[in-house]
Amino acid sequence: MKKAYALLSRNRKKVWFSAVLNALFLLLLLVVTRPYFETNDDITLAGFFNLSRGTQDAWTNISNGLFGVIVGACYRLTAQIPWYILFLYGAAFFSLTTVTYVLLNRFEGWSGLMLSGVLLAYFGYECYTAVNFTKIAACAGAAGIFLIYDSVRDGRAKIPGIVIGSLVILMGYLIRPEEALAAAVSTAAGAFFLILRIRREEQKGRRLRRLGMYVLSVIPAVLLIAAAKEYDTFQVKSSAGRTAYQEYTTARSNLLDYDFPSYNGHETEYEKLGINQNAWTLYKGWNFYDPDKMSVQVMQEIAKFQQERKIDKKLVKDFLALYPDRFFRNQMFLIYLFVLILVILYGSHSAEGVASVLLQIFLLGGLFFYLFYAGRYGVRRVDVGIWWGGTLGLLVVLDQKNIHFNPKAAASVMLFALIMNQMTWAPHYRRQTVNARLEDLNKQNYVSQMSNDTDHLYICLSNCYYPAGAYGPFDRVPVGATANIITLGGWATKSIPYMSVFQRYGIENPYRDMIDNEKVRLVADSPERVLAYLHDYYDADCTAEKVGTIGDHNLYVFRS
């Protein structure tokens, strides 16, 4: 134990030591668990860059265009390497190493190692095993501002830390702008604490100078973000296809990402727009791409049906009926509580310390209330990022002079945290996912069967799209794998890669143009709902014929 302590004491302030600790934890996760995409959003986003549709585009409504330029260039260099996950892992590793470095430098002895171990056991898993670009963007956004706080907390600006922190924030911003910024804002306890203690630490004539230093420390990050946003805007304006996609996906998002008005209670309004209940069911189920019936203008009209939310007693009551009970369902909140308890026990008990924590709790509560008000609440990957930022903010308030853990206590806390999180890890142990991996390989085989049949276009209902679940983070998606496989909806709808698939087969309206088109196969469990839609809008006499199967789903053609 003495040798271990000597090694820690001798090297804890070195960057390589923090990197090695994170590399060892990453290796542990890769050996014990099987990484997976938490949602199908990642495979969709990667599809913009990895040439799986046969066409690339750098711009998406999810990430900054510069991210697409960089990742896309790598795929053009060679598509044999899964660049997308390497960039995400790189961002996560750099961000988590940054946090470990700050903690080991601030907290002497075993305390810094204990704090790093607990964070890695929980947040490391969220980045490396349950992979999602939203969480990794949040990880980078909060880690970058955390490093900047540390670079100015003693009253002297450490330029390397400010520069590196700004670059880490930019890294998160490029991956998912909104989430990176939300996570950075969630660290507000740190900012409050540094600002409020100026009065105690500085003489009256020097307080404004100290505040100015704090403001200047975030200017590089602000400038980098502004430049990235300007470049992103330029990308959109430089392409008619991107402009059309941005307009379409904005209208789509206002409906499907928040509150698609129910059919019951709005029958008259929907009928005026030419939408019956069967069509509404298809659209609501993400099979909405009928450019004639579900245009941007129609979606904007539907959005007007949405009930206007008012901040009143009922809304507050509904919010409190879900929260704070809902917080406890997210294990990242438990880590936030753990650090909050440490702050209460060992933190700065000064007025500014107490005020900073209370202000942050109020801010986080307000943020969750806003998400509830906007109808975007309960999205786990978003909540994880907010609690990550909140946790790092509390760590700024934690007083490094007060907290001291002996080796046994530090090891016990880390071991307890690791054991408690095994409920999350267990379903994704490698030995537990053997069958799931075989299912993935079967799905890849089905994708390959369709992909090799270039004579036909496979249009899939949203619940029958095999590529969404076929490929894991480290699977190489073959070039052109989905060049003839497409859905009737999704957040990529109307994007350049998405439209290229239809254009390749001369399709303008997938619903209308699948009738009497021997090139088209509908992948579905049953044709009845689509057939009813075609009867109502395009051909009252058309029939559906089953022409084969692919995996668990059937293949249909429609003839008049």
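This is a predicted model: local features need pLDDT of at least 70, side-chain atom pairs count only at pLDDT 80 or more; totals for chains, interfaces and linings use all residues.
1. The largest nonpolar core has 133 residues. Y84, L119, W388 and L395 are the members that touch the most others in this core. Helix 7 (residues 133–152) supplies the largest share, with 14 residues. Because domain 1 (1–32 + 82–235 + 314–428) and domain 2 (434–559) both contribute residues, this core lies between them.

2. Apart from neighbours within four places in sequence, L395 contacts L103, R106, F107, L115, L119, F146 and V339. One of these partners, L119, is itself among the core residues that touch the most other members.

3. Helix 15 (residues 277–284) packs against helix 27 (residues 528–537) at an angle of about 130°, and the two axes are 9 Å apart. The two helices are therefore oblique to one another. The crossing of helix 15 past helix 27 is left-handed. On the helix 15 side the contact involves N278, A279, T281, L282 and Y283, which meet R529, V530, A532, Y533 and Y537 of helix 27.

4. Helix 9 (residues 177–186) and helix 20 (residues 380–397) have axes 7 Å apart and pack at about 35°. Here the crossing is right-handed. Helix 9 contributes E179, A183 and S186 to the contact, while helix 20 contributes R381, V382, G385, I386, G389 and G390.

Notes: Residues are numbered from 1 along each chain as its sequence is written. Side-chain values use heavy atoms; hydrogens and water are left out. A nonpolar core is a set of buried Ala, Val, Leu, Ile, Met, Phe, Trp, Tyr and Cys residues joined through side-chain atoms within 4.5 Å. Buried means under 20% relative accessible area, exposed over 50%, partly exposed in between (1.4 Å probe, protein chains only). Helices (H or I, at least four residues) and strands (E, at least two) are DSSP runs, numbered from the N terminus. Domain bounds come from an automatic or database domain assignment. Contact means heavy atoms within 4.5 Å. Axes are lines fitted to C-alpha atoms, for helices over the stretch in contact, and angles run from 0 to 180 degrees between N-to-C directions. Angles under 35 degrees count as roughly parallel, over 145 as roughly antiparallel, 65 to 115 as roughly perpendicular and the rest as oblique. A crossing is left-handed if the near helix is turned anticlockwise from the far one by less than a right angle, and right-handed if clockwise.
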